[in-house]
Amino acid sequence: MVSLLDIIGPVMVGPSSSHTAGACRLGLLARCLVGDTPDRALLELHGSFARTGEGHGTDKALVGGLMGFRPDDERLRTALDIMEHEGLDYRFEKTTLDDDAHPNSVRITVERGDRKSVMVGASLGAGRVLVTEIDGYAVQVTGNLHTIVLVAADVKGSVARIATILSDGELNIATLKLSRKERGGDAFMVIEVDEQPSEAVRDAIRGLTWVKWAFRLDKVSA
Amino acid sequence: MYRSLAEAIADAEAQGISLSQLALETEARDQGRPVSEIREALGRALHVMNGAVERGMTGDLFSASGLVGGDAAKLRNGPPGPLAGTPFRDVLARALAVQEVNAAMGVIVAAPTAGGAGVLPAVLTGLAAARNLTDDQVIDALATAALIGAVVAERASLSGAEGGCQAETGAAAGMAAGAATEMLGGTPAQVGHATALAQQGTLGLVCDPLGGLVELPCVFRNATGAAIALAAIEMALAGVTFAIPVDEVIDTMGEIGRNMDVRYRETAGGGLAATPTGRRLAKERLVSIKRRS
């Protein structure tokens, strides 16, 4: 359903909702995979992001997102200078992802401390984004809701345990998707919740012995 | 939200309310939020729009490529033309201002898109200033504009990549024309005619930005889009009607967009982008952006 505020909005730094606002949101989501501003990042631009990204400030918006700036933050304009000043090691490369990759796609490898993660995402237009891959797992994360992603060993009752933690944390599950690469292999869970999960909830999930890693992806929609 | 302006106009007339009131009440029901909260959000959008108009008038902003910038200030301070001192000239200046801010990575409201973000604030704030209207009146007009945009999104498209510039500055002109017509005392039926009159004037308009950047002709198309909106408002308030119903005009925009060659849909493969000068400028400027970054 179209909302009036989809039409009059979002408030954003120009010039392009897909190449600037959407790129910033992808950076914000990648940041969540290491929990904070990454020390190092490799940004591989595909398609139109690679061809016209510089003129649209796609590079600045991605970097700004990694540093935690939101799409309406005027610091996006000088994000590359701020990045240098902060001594962050972010590099850009042009790449060609799969044939069916959306024209505005980017693969972002982020590192912070000993944590490293790879995310593939696309900017779909009007600022909407879709993360399609995290650490080799096929996912569909829109950032329209607060999301928890986790990798767990394939043990019985895992969903019930996590649902209990979420419910104890006063969180209402909007969607839950479970996938695994093979039977008995790691299970990948993407859970969208209506409220922002606390760090305590994330830590409780991380505390489960069979959970390999878990992250909160904050809501990035307007 | 409504999928037909004819239906919205009929409902507003039956209930004896304005289209803005109908839009706000429908949104409140759809989203489960109070009208006051929606008005507050539109008020914040108006605040950003006013800020962009003001920022763009200073004349010291330039886009990444340097191809656009400084023209809003020329209309504000430059030599007079036949329309000097009129709201028309002021609206043109405001449209250029917002779009110059957008091209320079300033803060704007995508309304309905970033590429067409200059038309609506220019027409609404320009005419509100000329008539000393209140912010509340402009906020109501934004609700009507959003209602029109929602119908265009459902029936046609609001994306240059899908429908050409008729779906961006064209849709913005339709939204601005309808919204301002209500703001200046027009009836719901007159709002429909104003929207149809503006949208018909932009049918077939291609999206052909140099180098694929939201700069040229985008900045100027926001000014000419605003001019078309003003023409439609003037006609509709004078009682001029358009014989093809507004929903059918919007459907036509969608149909033309779907049949438009991909070269004219934001790919920089045709139109002004493909002229010898367009190609040369895009190449030179993109190289210079790379050198600086």
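Colleague: Which residues does B:Leu216 touch, leaving out those up to four places away in sequence?

Modeller: In this predicted model, the contacts of B:Leu216 beyond that range are B:Leu67, B:Val68, B:Pro209 and B:Leu210.

Colleague: And where does B:Leu216 lie in chain B?

Modeller: B:Leu216 is part of the loop between α10 (188-200) and α11 (218-237) of chain B.

Colleague: Is B:Leu216 buried or exposed?

Modeller: B:Leu216 is buried, because it has 23 C-beta neighbours inside 10 Å and the cut-off for a buried residue is 20 or more.

Colleague: How far is B:Leu216 from B:Val98 in space?

Modeller: The C-alpha to C-alpha distance between B:Leu216 and B:Val98 is 14 Å, and they are 118 residues apart in sequence.

Colleague: What kind of peptide bond joins B:Leu216 and B:Pro217?

Modeller: That bond is cis, with omega about 10 degrees. B:Pro217 belongs to the loop between α10 and α11 of chain B. In chain A, the bond from A:Gly9 to A:Pro10 is also cis, with omega near 5 degrees. A:Pro10 sits in the loop between α1 and β1 of chain A.

Colleague: Then which phi value does B:Asn132 have?

Modeller: B:Asn132 has a positive phi of about 55 degrees, although it is not a glycine. The residue is in the loop between α6 (119-131) and α7 of chain B. B:Asn132 is exposed, with 7 other C-beta atoms within 10 Å. B:Ala268 has a positive phi as well, near 60 degrees.

Colleague: Where is B:Ala268, and is B:Ala268 buried or exposed?

Modeller: B:Ala268 lies in the loop between α12 (246-259) and α13 (276-292) of chain B. B:Ala268 counts as buried, with 21 C-beta neighbours inside 10 Å.

Colleague: Turning to the largest nonpolar core, which residues touch the most other members?

Modeller: They are B:Val123, B:Leu142, B:Ala176, B:Ala226 and B:Ala229, out of 169 residues in that core. Helix α7 (residues 135-155) of chain B contributes the most to this core, with 13 residues. The core also takes at least three residues from each of domain 1 (1-135) and domain 2 (144-222) of chain A.

Colleague: What is B:Ala176 in contact with, leaving aside neighbours within four places in sequence?

Modeller: B:Ala176 contacts B:Val119, B:Leu120, B:Val123, B:Leu124, B:Ala145, B:Ala226 and B:Ala229. There is also a second, separate core of six residues, which includes B:Cys165, B:Leu205, B:Cys207 and B:Met260.

Colleague: How many residues of chain A are in contact with chain B?

Modeller: The contact involves 30 residues of chain A and 44 residues of chain B. On the side of chain A, the elements giving two or more residues are α1 (4-7), β1 (11-13) and α3 (48-52). By class, that side has 14 nonpolar, ten polar and six charged residues.

Colleague: Which strand of chain B is joined to β1(A)?

Modeller: Three bridges join β1(A) to strand β1 (residues 107-109) of chain B, and the two run antiparallel. A:Val11 has B:Val109 as its bridge partner in β1(B).

Colleague: What is the strand order in the six-stranded sheet of chain A?

Modeller: The order is β3-β2-β4-β5-β6-β7, in an open sheet with mixed pairing. β3 (89-95) and β7 (137-141) of chain A stand at the edges with a single partner strand each, so one side of each has no neighbour in the sheet. Neighbouring strands are turned by 20 degrees against each other on average, direction ignored.

Colleague: Which strands does helix α2 of chain A touch?

Modeller: Helix α2 (residues 17-33) of chain A packs on the sheet and touches β4 (104-112), β5 (115-125), β6 and β7 of chain A. The direction of α2 makes about 155 degrees with that of β5(A). Helix α4 (residues 58-66) of chain A also packs on the sheet, touching β2 (40-47), β3 and β4 of chain A.

Colleague: And what is the order in the sheet of four strands?

Modeller: That open sheet of chain A runs β9-β10-β8-β11, with antiparallel pairing. Its edge strands are β9 (173-180) and β11 (211-217) of chain A.

Methods:
Residues are numbered from 1 along each chain as its sequence is written. Chains are lettered from A and ligands numbered from 1 in the order in which they are written. This is a predicted model: local features need pLDDT of at least 70, side-chain atom pairs count only at pLDDT 80 or more; totals for chains, interfaces and linings use all residues. A residue is buried if 20 or more other C-beta atoms lie within 10 Å of its own, exposed if 12 or fewer, and partly exposed in between; C-beta atoms are placed from the backbone. Two residues are in contact if their C-beta atoms, placed from the backbone, lie within 7 Å. A nonpolar core is a set of buried Ala, Val, Leu, Ile, Met, Phe, Trp, Tyr and Cys residues joined through C-beta atoms within 7 Å. Domain bounds come from an automatic or database domain assignment. Ala, Val, Leu, Ile, Met, Phe, Trp, Tyr, Cys and Pro count as nonpolar, Asp, Glu, Lys and Arg as charged, and the others, Gly among them, as polar. Two strands pair if DSSP finds at least two bridges between them. Axes are lines fitted to C-alpha atoms, for helices over the stretch in contact, and angles run from 0 to 180 degrees between N-to-C directions.
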